[in-house]
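Please find below a set of numbered remarks on the two-chain model under review. They are meant to be read beside the sequence and the coordinates.

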Amino acid sequence: MTAIAGTSRHRRTLACLIAATAIIVGACGDGGATTAPASAEPGATTQPASAEPGATTAPELEGSISFLHKYSDPRYAPYFEAVVAAYMAEHPKVQIEIQAESDQGVKDKLRVLAASNTLPDIYFSWAGDFTKKFVRGGLAKDLTGDVTGDWAARFTPAALEAYTYDGKLYGVPITLDAKYMAYNTKLFADNGVAVPTTLDELLAACDTFEAKGIEPIAFGNQYGWPAIHFMTQLNPYYVPADTLQADYDPATGAFTDPGYGKALDAFAEINSRCLTQGANGISHEAAQASFLAGKSAMHYIEAVEFFALTEKGGAPADLANNWDFFMLPAPADATGDTGYLTGAPDGFLVNPASEHLDIALDFLDYLTTLDNAKKMVADLGWLSPVQGSATADNTFPQNVQTIEDIATAKGMAIWLDTVTHIDVANAYLNGVQAMLDGTKGTADVVADVQAAAASAKAASE
Amino acid sequence: MTGTTRPGRWSMLLWVAPAVLLLVVFVYYPVVENLRLSLYRWSPFSPREVFVGLDNYAALRADPVFWSSLFNNAAYAAVSVVFQVGGGLVLAAVLEELVRGRLKGILRTIYFVPAVLSLTITGLLFQFMYNPQIGLVNGLLDVLGLDAWKHSWLGESATAIWAIIAMSQWQSVGYVAVLFIVAMQRIPRELYEAAYIDGASRVQAFFKVTLPLVREMTLLAMIITVSGAFLVMNEVWVMTAGGPNNASHTLGTWLYKSAFFNDQMGYAAAIAVVIFLITMSASILQLFLGRGKAVQY
């Protein structure tokens with residue numbers, strides 16, 4: 001599998017201040033523990049087992065490192081706390097200070113820490129241009145010689161590739177994500193709608209639901225990124241992969257291929273026939289609530305959100321027992337490559353100035369053992385890039401199906417708002433929002449994107 | 001009487017020093033450092049600061065989002081002066097003069113409560129109220145048969161900033177009214193009694209007695225309101241993040257986005273300098289206009 005490009009996604013922009021809260025976990029184990037059975041309960045403090053090489057056979061490590069992640073949400077943080085506690089229990093002379101941030105907060109904090117040259121030993125970063133910024137600034141360690149052998153072999157190749165630039169690996173992936181159209185199987189069956197296999201069929205399905213007073217696709221675009229995820233998938237459908245790759249690189253980007261306009265036209269058509277109107281004033285979460293309540297037939301959603309569609313994740317039984325998903329179908333006249341799937345891994349980078357690189361690498365190795373990956377899948381309902389971590393025993397069927405589907409994809413089309421130069425990303429984010437509120441047309445947005453690409457190209461020179 | 005003795009002067013300086021030191025470190029130094037940074041091109045991911053002179057200010061001049069943000073701030077200030085200062089004054093006068101007994105305290109509390117709510121909470125609350133599908137605002141318009149007036153209030157370029165400004169008035173008018181109530185309670189009752197004996201109506205008493213005697217508070221309220229309008233950020237960020245299509249940015253949110261999303265720290269510093277100059281100028285102007293005109297009867 002190859003990644004078209006890579007980087008982060010902009011989500012839930014509620015935090016407005018530089019988040020500087022650090023959750024210090026000073027829990028230290030009893031020193032005598034080695035391994036313990038993994039816990040499947042969120043918040044459990046028992047130590048996950050580690051059956052992987054490197055976790056128990058490393059020479060005795062000593063020192064203190066800091067670990068910045070973006071999973072401060074009370075649903076997710078306990079998993080990381082448990083893994084850290086377990087690691088420290090196995091390495092009594094090691095202290096790991098956790099700094100937990102929100103998705104938005106971590107963007108601010110990383111910039112402040114990078115500017116003040118005080119990055120933690122291990123820190124979160126999205127794949128793609130976000131990571132490239134650290135690489136260009138000499139703030140990310142080249143891990144090519146470190147993530148090798150058994151450790152490297154654990155990962156889905158596409159996940160490692162998303163963190164590889166100029167042939168060098170800079171990140172260790174922790175989660176795997178992809179974008180799908182979740183649909184209410186009961187509404188589809190009741191209204192005689194089959195799962196669409198082409199874009200035209202999707203539009204026809206929307207017409208059917210609309211005629212019956214059912215909202216076809218629940219859509220909230222308050223912060224812009226949900227619409228960008230449509231564009232992330234539509235661009236590869238209409239633009240040849242090589243052209244796309246060249247355009248997503250700031251040094252060569254021009255965005256002159258007519259496919260970009262066609263992709264925007266396709267989005268405009270989807271908007272007018274399928275999506276919630278006035279979506280710029282609706283949050284993604286509010287739209288999701290509509291789907292969960294059975295009021296909408298479909299919802300374009302990330303695989304990491306699938307958990308919210310299960311009963312364990314809080315969904316009503318009516319929906320939890322009656323949903324499935326499909327990839328946003330390609331148009332019949334696609335001129336690009338229909339094998340690419342929107343998505344990307346998230347992961348961690350290592351500060352090259354760390355005084356304890358040995359501990360940082362050993363901990364990352366431990367964090368991504370098969371057992372810990374299985375625990376993450378079970379506890380959080382996320383997908384892990386560690387192969388074999390999602391099975392029918394530890395997660396719901398749709399997650400297992402997702403893993404299989406990702407494996408069949410030709411490559412990952414990484415989030416458009418972060419894979420491109422920030423000027424191009426902004427041109428898309430603002431332009432598509434303007435299309436939704438009717439103040440701009442396709443040609444205006446294409447012109448804005450081309451101007452932004454020219455500006456980015458000039459800056460890169 | 002002799003002047004301050006030398007040891008007395010030293011001890012005075014010693015007492016003042018901590019406050020001065022704090023101001024220098026946390027206020028004046030950042031202001032000067034920000035001014036310096038505004039002359040550089042600088043990304044947080046690169047240790048290199050490139051001196052660009054006034055280029056960042058030239059870029060500001062050519063940036064349509066900067067100008068629309070400035071307009072939004074000015075609109076925020078103008079509306080706030082009318083509704084918060086003007087409305088707060090009228091509200092305070094009504095509460096003080098027309099409402100009696102326990103109801104006065106209850107109403108005062110009701111009007112003041114929004115001011116103590118977190119901006120994030122009110123932002124989320126109004127997101128629901130403005131929701132185009134299930135929001136109370138569109139629901140009310142539906143009931144009134146005004147379907148044509150329905151909008152995606154936060155989702156349309158033409159309405160987003162006005163929807164946020166409206167929320168801000170709701171939240172702050174009670175706070176300003178309480179400031180005026182405090183000022184009005186300090187006005188001697190005899191002045192009103194004298195005015196009424198002379199045949200003044202309540203409205204005349206308001207204009208001839210109340211208004212002149214709350215002049216200083218009016219000035220303070222205007223400084224707070226106008227400065228606040230140019231510093232506004234949280235409510236905009238929570239409700240629209242400056243969207244759609246950058247239509248609802250204020251200088252504060254545009255600064256934040258430039259610094260922490262677009263990695264243009266020098267450009268963001270230039271915006272900060274502009275905000276500083278505007279708020280300082282507005283404060284000086286208002287202080288100058290109100291100088292020496294305190295009314296005493």
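1. Overall contacts of chain A. In chain A, residues 24 or more positions apart account for 79% of the contacts with a separation of 6 or more, two residues being in contact if their C-beta atoms, placed from the backbone, lie within 7 Å. The secondary structure of this chain comes to 18 helices and 12 strands; helices (H or I, at least four residues) and strands (E, at least two) are DSSP runs, numbered from the N terminus. Buried residues make up 58% of the 461 residues in chain A. A residue is buried if 20 or more other C-beta atoms lie within 10 Å of its own, exposed if 12 or fewer, and partly exposed in between.

2. Basis of the model. This is a predicted model, in which local features need pLDDT of at least 70 and side-chain atom pairs count only at pLDDT 80 or more, whereas totals for chains, interfaces and linings use all residues. Residues are numbered from 1 along each chain as its sequence is written, while chains are lettered from A and ligands numbered from 1 in the order in which they are written.

3. Chain B as a whole. Chain B has 13 helices and 2 strands, and 38% of its 297 residues count as buried. Its C-alpha atoms fill a box of roughly 80 × 75 × 30 Å, taken along the principal axes. Of the contacts in chain B with a separation of 6 or more, 70% are accounted for by residues 24 or more positions apart.

4. The interface. Contacts between the chains involve 28 residues of chain A and 29 residues of chain B. On the chain A side, the elements giving two or more residues are α2 (103-115), α3 (129-136) and α17 (422-436). The largest share, 5 residues, comes from α2(A). By class, this side has 12 nonpolar, 10 polar and 6 charged residues; Ala, Val, Leu, Ile, Met, Phe, Trp, Tyr, Cys and Pro count as nonpolar, Asp, Glu, Lys and Arg as charged, and the others, Gly among them, as polar.

5. Helix α17 of chain A. This helix has 15 residues and reaches 21 Å from its first C-alpha to its last, close to the 21 Å expected at 1.5 Å a residue; the expected span is 1.5 Å times one less than the number of residues. α17(A) is mostly covered, with 15 of its 15 residues buried. A:Gly438, which follows α17(A), has a positive phi near 80°.

6. A helix pair in chain B. Helices α4 (residues 102-116) and α7 (residues 160-185) of chain B pack at an angle of about 125°, with their axes 6 Å apart. α4(B) and α7(B) are therefore oblique to each other, since angles under 35 degrees count as roughly parallel, over 145 as roughly antiparallel, 65 to 115 as roughly perpendicular and the rest as oblique. The residues of this contact include B:Arg108 and B:Tyr111 of α4(B) and B:Trp170 and B:Ile181 of α7(B). They divide into 10 nonpolar, 3 polar and 1 charged.

7. Backbone points to inspect. A:Phe255, in the loop between α9 (241-248) and α10 (258-273) of chain A, has a positive phi near 55° although it is a residue other than glycine. A:Phe255 counts as buried because it has 27 C-beta neighbours inside 10 Å. B:Asp263, also not a glycine, has a positive phi of about 60°, and it counts as partly exposed because it has 19 such neighbours inside 10 Å. The peptide bond from B:Gly243 to B:Pro244 is cis, with omega near -5°; B:Pro244 is in the loop between α11 (234-239) and α12 (251-260) of chain B.

Conventions:
Axes are lines fitted to C-alpha atoms, for helices over the stretch in contact, and angles run from 0 to 180 degrees between N-to-C directions.
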